[in-house]
Amino acid sequence: MKIHTKLLSALSSLALLVGSAGIHASEQKPNIILIVADDLGYADVGFNGSKDIITPNIDDLAKSGTSFSDAYVAHPFCGPSRAALMTGRYPHKIGSQFNLPTRGSNVGVPTDAKFISKLLNENNYFTGALGKWHLGDAPKYHPNQRGFDEYYGFLGGGHNYFPDQYQAQYKKQKAQGLKNIFEYLTPLEHNGKKVKETEYITDALSREAVNFVDKAADKKNPFFLYLAYNAPHVPLQAKDEDMAMFPNIKNKDRKTYAGMVYAVDRGVGKLVETLKKNNQYDNTLIVFMSDNGGKLSKGANNFPLKAGKGSTQEGGFRVPMLFHWPKHVPAGKRFSHPVSALDLYPTFAALAGAKVEENQHLDGTDMWPAFIKNENPHKDEPIYALRHRKGYSDAAIRLNQWKALKVNQQPWQLFNIENDISEKHDVSKSNKALLTDMVREMEKWSWDNQQPKWFHETAEGANWRLDAMPRFDKTFKTTK
Amino acid sequence: MKIHTKLLSALSSLALLVGSAGIHASEQKPNIILIVADDLGYADVGFNGSKDIITPNIDDLAKSGTSFSDAYVAHPFCGPSRAALMTGRYPHKIGSQFNLPTRGSNVGVPTDAKFISKLLNENNYFTGALGKWHLGDAPKYHPNQRGFDEYYGFLGGGHNYFPDQYQAQYKKQKAQGLKNIFEYLTPLEHNGKKVKETEYITDALSREAVNFVDKAADKKNPFFLYLAYNAPHVPLQAKDEDMAMFPNIKNKDRKTYAGMVYAVDRGVGKLVETLKKNNQYDNTLIVFMSDNGGKLSKGANNFPLKAGKGSTQEGGFRVPMLFHWPKHVPAGKRFSHPVSALDLYPTFAALAGAKVEENQHLDGTDMWPAFIKNENPHKDEPIYALRHRKGYSDAAIRLNQWKALKVNQQPWQLFNIENDISEKHDVSKSNKALLTDMVREMEKWSWDNQQPKWFHETAEGANWRLDAMPRFDKTFKTTK
Amino acid sequence: MKIHTKLLSALSSLALLVGSAGIHASEQKPNIILIVADDLGYADVGFNGSKDIITPNIDDLAKSGTSFSDAYVAHPFCGPSRAALMTGRYPHKIGSQFNLPTRGSNVGVPTDAKFISKLLNENNYFTGALGKWHLGDAPKYHPNQRGFDEYYGFLGGGHNYFPDQYQAQYKKQKAQGLKNIFEYLTPLEHNGKKVKETEYITDALSREAVNFVDKAADKKNPFFLYLAYNAPHVPLQAKDEDMAMFPNIKNKDRKTYAGMVYAVDRGVGKLVETLKKNNQYDNTLIVFMSDNGGKLSKGANNFPLKAGKGSTQEGGFRVPMLFHWPKHVPAGKRFSHPVSALDLYPTFAALAGAKVEENQHLDGTDMWPAFIKNENPHKDEPIYALRHRKGYSDAAIRLNQWKALKVNQQPWQLFNIENDISEKHDVSKSNKALLTDMVREMEKWSWDNQQPKWFHETAEGANWRLDAMPRFDKTFKTTK
């Protein structure tokens with residue numbers, strides 16, 4: 001009887017294989033391009049109403065696609081936000097809630113958290129990552145080990161923009177025999193091999209994106225491109241010609257920042273051209289977004305959101321975002337329900353027909369069905385932000401029209417964020433039971449958070465232990 | 001060649017299957033029923049000499065079976081004690097030494113600790129759990145995921161008893177839109193689906209036990225039933241008719257408690273009837289016990305044991321227990337050697353012919369051979385209790401006739417517990433080397449304890465870290 | 001198609017198997033003998049210039065082999081150093097950076113770190129361990145579980161030397177019914193079975209080494225012998241006849257210590273004789289070394305190195321070492337490049353043709369190619385020492401000619417250790433950038449260190465937590 005079962009099982013597998021091959025041939029899987037700008041402010045793209053910076057190419061995508069008013073990333077700063085993009089997990093669930101050590105390390109985002117690139121790659125996608133990595137620079141955390149067929153960029157958390165400049169600095173320190181040279185100065189690489197870049201970095205990454213699409217278009221497989229610009233992250237370094245586009249901006253930082261964004265926009269334009277040239281434009285989902293809020297002290301603008309990068313106020317983790325896919329994504333729409341960057345993993349997987357294993361827990365939801373129907377993909381389901389500071393934590397909970405906020409060791413506040421986008425009117429006093437209930441829900445969520453696997457600086461880790469962090473007793477306290 | 005191998009392997013599997021089926025047919029495996037009362041005191045059953053509470057059906061089992069004078073649970077309170085019953089591990093070895101978070105969570109008893117239900121289920125037992133779970137309420141910790149074919153009950157740490165009452169309270173809070181409603185009020189469930197219960201909970205669980213046995217008797221497989229009454233745990237809520245059985249009890253709490261125990265006894269009676277009706281009585285091992293000592297402030301009585309629930313004094317973790325199995329368990333006997341609830345896992349496994357994998361460490365011992373011969377199954381082998389408090393721990397070591405006790409930050413004491421059941425005469429001064437040796441042995445044992453994976457309350461976890469717990473240096477200190 | 005692939009794969013495996021069998025048959029794998037003395041000082045062997053202690057047999061090996069001037073162990077005390085020898089990992093990477101609990105425990109070197117013995121055993125080596133274990137005494141950590149076919153010795157961290165003496169003490173405590181008897185007094189064992197030893201322990205171990213080689217020589221497989229003498233570790237107990245060899249040594253401790261070393265040397269002589277007798281001398285790589293620096297207060301001499309056992313100064317972890325293998329190891333040479341005990345694992349593996357799995361990270365390097373060419377196997381690659389103390393850590397970095405040192409909470413110092421073996425001239429002031437760079441490199445290395453899985457004493461673990469160790473912020477601080 002055992003034999004029969006096995007034979008039957010083998011036969012039905014065969015049938016399935018034939019069957020599914022047939023199905024796959026008939027249903028064309030979309031290419032997916034995820035473009036992530038670095039520290040780009042909510043108000044720093046045309047489609048979100050920027051009054052000084054112009055982003056014509058990005059705006060074109062927004063006009064023929066859908067932009068999002070309430071798109072949240074999973075963390076208000078870079079490393080954890082990107083870890084969440086790649087893994088579909090809140091960074092706190094995988095010990096990745098801090099940026100990787102500034103001075104280098106041998107740690108990285110845990111390999112038992114499967115990257116979306118790996119999943120898509122296993123499902124026949126040709127995959128590429130370009131630009132900033134910041135998810136681990138030891139060999140086992142390399143992009144090529146995490147599902148990317150192609151990688152061109154720099155493994156650290158940022159980079160200087162002008163090759164002539166940084167290459168000279170690097171050479172000098174290397175000559176002194178130093179092993180630890182600031183990662184913003186190190187040579188770029190292609191699939192693990194150092195390359196000598198010559199272009200302004202943003203343009204270099206756009207060039208590589210174009211090359212990737214040219215190459216990908218030749219294959220019969222669909223492709224996934226993760227284009228991670230480091231712009232407009234510091235150092236503020238723009239090309240003169242790009243700054244010259246903004247004669248009316250007087251502030252030096254803002255002018256430079258604007259030029260950096262403009263270079264990104266130029267790259268997006270070239271990428272779109274290339275898609276069209278290769279007949280891939282109609283079959284490609286483009287997602288454009290920022291990894292976290294803009295840094296106000298470094299040229300960014302998050303208006304009308306409060307605060308910026310690093311904060312659990314809206315300016316910290318609500319970001320500009322758009323979807324573009326002709327005939328699939330509604331054209332010229334603004335989606336105003338809350339969505340999370342954590343949703344991208346399951347959404348991409350579903351669009352690609354890639355099965356997520358049952359035991360692979362994901363924190364987001366496939367937003368596509370609700371998105372298409374213009375419904376709230378997170379109805380009655382909270383979206384969290386949690387940022388650990390020295391001895392305490394800031395937190396936020398977005399639930400339907402509500403936003404609960406804990407910031408700077410003050411008591412929890414509550415805002416009707418749909419009516420009060422700038423978090424001005426605390427309505428906690430008249431909604432005590434609701435607020436308490438929201439905080440309880442986040443407290444429940446917190447129990448399987450993991451201790452951080454690293455810290456930005458060694459001293460931060462020492463303080464974490466000295467302060468007996470995470471002090472969730474303080475974070476989730478709703479009574480005096 | 002690979003195919004040949006598979007065919008051969010399939011054929012030999014088939015042979016094995018036929019062979020083993022033959023064996024199983026000839027050796028009848030017993031059904032096993034484990035009945036656990038909640039917070040039931042040592043002195044609150046007739047067979048342990050209760051003078052006010054009557055438990056005629058339970059006493060009948062004791063009379064035709066064997067009761068235990070020195071049965072210890074693995075922890076003096078609920079969650080960890082139950083985790084130990086299910087896993088055969090000291091809760092400290094699997095990070096389960098605290099009750100699950102009161103306000104809910106997404107954690108539970110680690111899935112790499114295989115439940116006895118899973119092992120029996122894999123060995124062809126039809127398995128059911130009824131009543132209180134308290135081992136994790138996230139999907140992956142659900143009884144149906146842990147080896148139980150059937151589950152009817154409530155996943156939290158307790159429940160209110162009268163449906164009319166609690167359902168009204170639940171409905172009211174639900175209407176306010178709250179997500180976090182006290183678990184004692186939530187609807188019961190059957191295999192993950194909410195049900196609308198109508199009976200007094202103890203009677204409802206007894207009804208389901210009867211139904212389970214009726215259903216199980218139809219199958220050719222043996223069954224394992226884990227019947228986890230929440231009675232007589234608080235809230236103290238008894239039926240009037242049950243309280244009316246105790247006209248001589250004047251204290252309101254004690255009277256209610258007595259009525260609650262009486263309802264449990266009634267259920268045991270119905271269960272026994274059903275076993276007889278289905279011709280399963282002779283082939284069923286029944287174990288009746290409490291999960292920890294009675295709570296003195298809530299109507300219980302542990303006489304002659306000192307203290308109660310939560311303590312490492314005898315009243316905390318020595319419990320009423322009986323075994324019943326016609327022709328296998330000696331009738332009308334009192335077993336006076338120490339046994340541990342940790343022994344049940346390996347004992348059940350052995351009776352069921354279920355092989356425990358070599359790398360699955362269990363902390364108890366198959367007590368059956370010693371039990372049958374009326375010998376000490378733990379001769380020269382210590383039984384421990386360890387209860388963490390704020391900044392320190394209480395502990396106990398039972399070894400042969402000795403009981404070493406550490407309580408309330410006082411120095412270790414030693415009792416000849418066979419002669420001094422009430423822990424009145426500390427003989428540590430005249431047995432210093434022995435006491436030191438016993439404490440050393442427990443210190444050795446402690447080295448592979450795991451950090452708790454959760455705490456009862458968030459603040460308890462913060463304090464644990466602030467106090468640098470476990471402070472085993474203090475716990476195992478035997479010198480001044 | 002699936003089937004075709006499998007058949008092809010099976011066929012090519014077969015081809016590979018035939019092919020590789022052929023290769024193995026033609027290349028003879030060497031026997032490997034690793035002799036480790038315990039707490040033997042740098043200056044306490046003739047080949048390192050001892051002026052009072054004579055070690056004629058060991059010196060003979062040095063003369064016809066190569067001795068090492070700059071051999072470092074991975075930790076300046078015993079347990080972690082041995083864990084590193086067996087696993088090829090810095091002890092900090094596997095939570096083994098403390099000695100096992102003095103009073104016994106159920107913990108040991110993690111089983112997911114594969115011992116070199118296991119690897120060699122899997123590659124057809126006949127394997128034996130003799131003497132001190134100190135890597136875990138619970139069953140799953142037993143030598144026979146870690147790849148050793150044969151084991152004769154004692155599982156703890158040391159042992160008394162005269163059977164008549166310690167057996168009497170043991171018997172007395174046993175009679176008192178104690179379970180926890182000092183491990184230096186317990187009976188020796190052979191493959192898990194207690195034996196009644198009658199000889200002075202060093203001689204007993206030498207006898208067993210001879211027996212092992214006699215037995216191994218009968219097999220067609222190569223052998224690996226790990227001969228772990230506990231001499232000259234305390235207690236200082238030597239045979240009168242051995243002490244009599246040193247009439248000119250007046251200091252009692254030194255005289256006893258000298259006698260103990262002399263007994264080791266006698267054992268080495270007998271072992272060499274036995275190899276010759278069995279025609280194995282020419283095909284055996286002998287490594288002789290100490291597990292850490294000598295303990296100055298207990299008779300040892302590390303001249304010209306500073307300090308001793310436990311220190312990150314050179315006397316703590318630079319040890320006497322020699323290689324001997326006729327026609328393979330250069331005869332009569334002194335190798336003066338730095339090497340690490342961590343190199344032995346990959347070197348032995350390579351010599352044995354044993355493949356280390358790709359995901360099995362090793363911290364050392366196969367030193368053989370560089371050793372043969374008299375080149376630095378660690379050119380530009382640092383060798384570390386890190387010793388945790390109460391609330392702070394001592395550290396050391398050996399890189400090319402440099403030695404960076406952090407000791408006793410003093411600022412980092414830098415020595416040109418090639419010119420300044422005694423660490424007298426701190427040149428940090430004139431090499432600030434270099435020193436900072438070296439420390440940064442070690443800080444990077446530290447990020448994936450694991451928390452200790454045990455401590456020498458329970459209180460040490462409590463202090464570790466109270467002090468929020470490891471305070472790497474302090475350890476790797478290079479500014480004021």
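Chain A contains 14 helices and 15 strands, where helices (H or I, at least four residues) and strands (E, at least two) are DSSP runs, numbered from the N terminus. The radius of gyration of chain A, 23 Å, is close to the 23 Å that the globule rule gives for 480 residues, so the chain is as compact as a globular protein of that length. This radius is taken over C-alpha atoms, and the globule rule is 2.2 Å times the number of residues to the power 0.38. The model is a predicted one, in which local features need pLDDT of at least 70, side-chain atom pairs count only at pLDDT 80 or more, and totals for chains, interfaces and linings use all residues. Residues are numbered from 1 along each chain as its sequence is written, chains are lettered from A and ligands numbered from 1 in the order in which they are written, and side-chain values use heavy atoms, with hydrogens and water left out.

The C-alpha trace of chain A spans about 65 × 65 × 50 Å along its principal axes. Buried residues make up 62% of the 480 in chain A; buried means under 20% relative accessible area, exposed over 50%, and partly exposed in between (1.4 Å probe, protein chains only). Of the contacts in chain A between residues at least 6 apart in sequence, 70% join residues at least 24 apart, a contact being heavy atoms within 4.5 Å. Carbon and sulfur atoms account for 51% of the accessible surface of chain A, which comes to about 19,300 Å². Accessible areas come from the Shrake-Rupley method with a 1.4 Å probe, and for residues only the protein chains shown count as cover. Chain A carries 62 positive and 52 negative side chains, and the centres of the two sets are 4 Å apart. Lys and Arg count as positive and Asp and Glu as negative, while His and the chain ends are not counted; the place of a charge is taken as NZ of Lys, CZ of Arg, CG of Asp or CD of Glu.

The chains were compared by superposition, by least squares on the C-alpha atoms of residues with pLDDT of at least 70 in both copies. Chain C is superposed on chain A by a rotation of 120° with 0.1 Å of shift along its axis, at an RMSD of 0.0 Å. These two copies are thus related as by a three-fold rotation axis.

In chain A, helix α3 (residues 78–87) has ten of its ten residues buried, so it is largely enclosed by the rest of the structure. Among these buried residues are A:C78, A:P80, A:R82, A:L85 and A:M86. Their cover includes the strands β1 (31–37), β3 (126–132), β7 (223–228) and β8 (284–290), together with the helices α4 (116–122) and α10 (344–351), of chain A. Directly after α3(A) comes A:G88, with a positive phi of about 75°. Helix α3 of chain B, also residues 78–87, is mostly covered, with ten of its ten residues buried. The elements against which the buried residues of α3(B) pack include β1 (31–37), α4 (116–122) and α10 (344–351) of chain B. B:G88 follows α3(B) and has a positive phi, near 70°.

A:E441 is situated in helix α12 (residues 432–446) of chain A and, at 17% relative accessibility, counts as buried. Residues up to four places away in sequence aside, A:E441 touches A:P382 and A:Y384 as well as B:K179 and B:N180. B:T365 is placed in the loop between α10 and α11 (368–372) of chain B and counts as partly exposed, at 28% relative accessibility. Beyond its neighbours within four places in sequence, B:T365 is in contact with B:D343, B:P346, B:T347, B:P377 and B:H378. A separation of 27 Å lies between the C-alpha atoms of B:T365 and B:N230, which are 135 residues apart along the chain.

Most residues other than glycine have a negative phi, and most peptide bonds are trans. A:K327, in the loop between β9 (318–324) and β10 (333–335) of chain A, has a positive phi near 70° and is exposed, with a relative accessible area of 83%. C:N191 has a positive phi near 50°; this residue is in the loop between β5 (189–190) and β6 (193–194) of chain C and is partly exposed at 28% relative accessibility. A:A231 and A:P232 are joined by a cis peptide bond with omega of about 0°, and A:P232 lies in the loop between β7 and α7 (240–243) of chain A. Another cis peptide bond, with omega of about 5°, joins C:F303 and C:P304.
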